[in-house]
Amino acid sequence: MMPFSGRCPMRQYLPSKPNPVGLKKIVLAAPDGLVWIFLIYTGADTVPVEDKQLYGLEGAVVKHLVGTIPAAKVTHLFTDIYFTGLAILNYLVSRNVYLTGRPY
């Protein structure tokens, strides 16, 4: 969550966060913390509708973020429970990306 209290249609409110008002961002980063790509959550139109129908919102976000990773190299991706699902796992394996996450 990026703190932001100005006027913005993408602003989110998460009362459990230290800074509850701001912009929700989803980040793909290297193990050393280097940010490769990030996505600002803008609501229902954050990802394409067809990807949302196939993979769900969380899977569509993962598909968007790993699109920048070359498919020729084997990559290991670590996620939390929200971004783990069977539909997106099949897509990731086809791109040589292996996911470690907690299913439920």
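User: Which residue takes a positive phi in the hairpin of E4 and E5?
Analyst: Gly33, with phi near 100°. The hairpin has five residues between the strands. Strands here are DSSP runs of E with at least two residues, helices are runs of H or I with at least four, and both are numbered from the N terminus. This is a predicted model, where local features need pLDDT of at least 70, side-chain atom pairs count only at pLDDT 80 or more, and totals for chains, interfaces and linings use all residues. Residues are numbered from 1 along each chain as its sequence is written, and side-chain values use heavy atoms, with hydrogens and water left out.

User: How many bridges pair E4 and E5, and in which sense?
Analyst: Five bridges, antiparallel, with E5 covering residues 35–40. Two strands count as paired if DSSP finds at least two bridges between them. Val27 stands opposite Phe38 in E5.

User: And which residues of E4 are on the covered face, which on the uncovered one?
Analyst: Ile26 and Leu28 are on the covered face. Lys25, Val27 and Ala29 are on the uncovered face. In a regular strand, side chains alternate between the two faces of the sheet.

User: Switching to E1, E2 and E3. What order do the strands take in the open sheet?
Analyst: E1-E3-E2, with antiparallel pairing. Strand E1 (2–3) and strand E2 (12–13) stand at the edges. Each has a single partner strand, so one side of each is left without a neighbour in the sheet.

User: What is the bridge partner of Gln12?
Analyst: Gly22, in E3. E2 and E3 (residues 21–23) pair over two bridges.

User: Where is the β-α-β unit, and what is its hand?
Analyst: E6, H2 and E7 make the unit, and it is right-handed. That means that, with the strands pointing away from the viewer, the path from the first strand over the helix to the second runs clockwise. E6 and E7 pair in the parallel sense over four bridges. Val97 in E7 is the bridge partner of Thr75.

User: Which E7 residues are covered?
Analyst: Val97 and Leu99. Tyr98 and Thr100 form the uncovered face.

User: What is the phi of Asn96?
Analyst: Near 60°, a positive value in a residue other than glycine. Asn96 sits in the loop between helix H2 (86–94) and strand E7 (97–100).

User: How exposed is Asn96?
Analyst: Partly exposed, with a relative accessible area of 27%. Buried is under 20%, exposed over 50%, and partly exposed in between, using a 1.4 Å probe and protein chains only.

User: Pockets next. How much space lies in the largest pocket?
Analyst: About 440 Å³. A pocket is an open set of points on a 1 Å grid over the protein atoms alone, where a 1.4 Å probe fits, with protein on both sides within 12 Å along at least five of seven lines. Lining residues have an atom within 4 Å of a point. Grid points are joined across faces, edges and corners, and the volume is the space filled by probe spheres set on the points.

User: What lines the largest pocket?
Analyst: 21 residues, with Leu28, Ala29, His76, Leu77 and Phe78 nearest its centre. Strand E4 (25–29), helix H1 (49–66) and strand E6 (75–78) each give two or more residues.

User: And which residues line the second largest pocket?
Analyst: Lys24, Lys25, Ile26, Tyr41, Leu57, Val61, Tyr82 and Phe83. E4 and H1 give two or more residues each. The volume is about 160 Å³.
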